[in-house]
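Biologist: I've got a model open and I'd like to learn how to read it. Can you take me through some features, general idea before the case at hand?

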Amino acid sequence: MGLLKAGIGALSGVLADQWREYFYCEALDAQTLVKKGKKRTSSRSSNTKGSDNVISNGSIIAVADGQCMIIVEQGKVVDLCAEPGEFVYDTSTEPSLLYGGLNKENILKNFATVGKRFTFGGEPAKDQRVYYFNTKEIYGNRYGTQNPVPFRVVDKNIGLDVDIAIRCNGEYSYKIIDPLMFYTNVCGNVSDDYTRDLIDSQLKTELLTALQPAFAKISEMGIRYSALPSHTEDLSNALNEVLSKKWTELRGIAIYSFGINSVTASKEDEDMIKSLQRKAVYRDATMGAAAMVDAQAEAMQAAAKNEAGAFTGFMGMGMAMNAGGGGNAAANLYAMGQQQQPQQQYQQAPYQQPQQPDRAQPQNPAAGGWVCACGTANTGKFCMNCGASKPAGAPLYRCDKCGWTPEDPHNPPRFCPECGDPFDENDAK
């Protein structure tokens, strides 16, 4: 009885699997990454007794946009299709008289299949499956740094190179770019669906681990942490570069987009950076002189409010300035700044056509003459153009090469801004 039952089961099974199947997959939502294909059957269908994991030769498999289909036979991927449309599976090892026709070769293949199933008690000795992969963008993956992440701040303008700690949060999306790799190393032969919640936790942990080297690549580009939201594409490329071995080469997925809601640093780090930036401004001598003058003005106001009397406050302020050499510090810094500016202008523009004065000026004043701040050469005690009095003991400086005279005779530059000739004793007239 057992042999007879096996023979009847083998024959009836082969006859039931003669029908060509139509495999399809409903729309894959954002939560489903992989779904097993289903055979389309209805109340009018006669294909209701076929084997579940057997695909008859000539079966049609429908593929929609955003999907990729693979056929797995005996645990091995034998075919793949990622183009939308219908795919005819005509290389199946399960012959069908309804596709190959009633020819001798096809009939012999079916009898061979019956004999093979008889040896397995009437059951098919094979497993054939269709899987659909979601190749659309999987978005809505939130992340956030629970602990501060190191970030290197580089500001070449002020010579700043310091490591700080920042926190950030946002969302990212990824895509399955290699279904074969994802099937081999991640999902395998799933019975029905493989959803994103089975892998999202691992991906989030690896993403947060990769943020530190990715931030290092971004900081090398000179991008400040406060400007990270406007460089999300650069950060996405940096993350893909760091995660390429774990995600792309191992799982067949890649980051598609990366968004940042906010990036914050600790208050101590922000105050430190702002303080260094403010101090860097004082490298300019004129800015340093302006800051010192402002400090002296505030000190004078504070001295005037001294409870022991304004005279006592001013006397203390004067002693402090004399002890620190601050009496002429602002003036010296301002003079240094004025000397630096012509040199910088000369380096940027080696030659400029000298402008002609609005009015004729004497180029060779008499001995003992002087040049007013308005640029007029005079010989008397008062300027004949603006009426300013002659400075006491003011020498007249004039370039012995081009004849240029400074506006302030007391502080001539080290080099002539018109011709670059250095000033020396021969220029004092």
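Modeller: Helices here are DSSP runs of H or I with at least four residues, numbered from the N terminus. Keep in mind that this is a predicted model. Just after α4, G188 has a positive phi of about 65 degrees.

Biologist: Which residues of helix α4 are buried?

Modeller: Buried means under 20% relative accessible area. In α4, residues 179-187, that gives P179, F182, Y183 and C187. Looking down the axis of α4, these buried residues fall within an arc of 100 degrees, so they line one face of the helix.

Biologist: Now the rings. What describes a pair of aromatic rings?

Modeller: The distance of the centres and the angle of the planes. Searching the whole structure turns up eight aromatic pairs. One of them is Y172 with W247, a tilted pair at 6.4 Å centre to centre with 40 degrees between the planes.

Biologist: Where in the chain do Y172 and W247 sit?

Modeller: In distant parts: Y172 belongs to strand β11 (residues 160-176) and W247 to helix α6 (residues 232-251), 75 residues apart.

Biologist: Is Y172 buried or exposed?

Modeller: Y172 counts as buried because its relative accessibility is 2%. W247 is buried too, with a relative accessible area of 1%.

Notes. Residues are numbered from 1 along each chain as its sequence is written. This is a predicted model: local features need pLDDT of at least 70, side-chain atom pairs count only at pLDDT 80 or more; totals for chains, interfaces and linings use all residues. Side-chain values use heavy atoms; hydrogens and water are left out. Buried means under 20% relative accessible area, exposed over 50%, partly exposed in between (1.4 Å probe, protein chains only). Helices (H or I, at least four residues) and strands (E, at least two) are DSSP runs, numbered from the N terminus. The arc is that of the directions from the helix axis to the C-beta atoms. Rings of Phe, Tyr and Trp (its six-membered ring) pair if their centres lie within 6.5 Å; planes under 30 degrees apart count as stacked, over 60 as edge-to-face and the rest as tilted.
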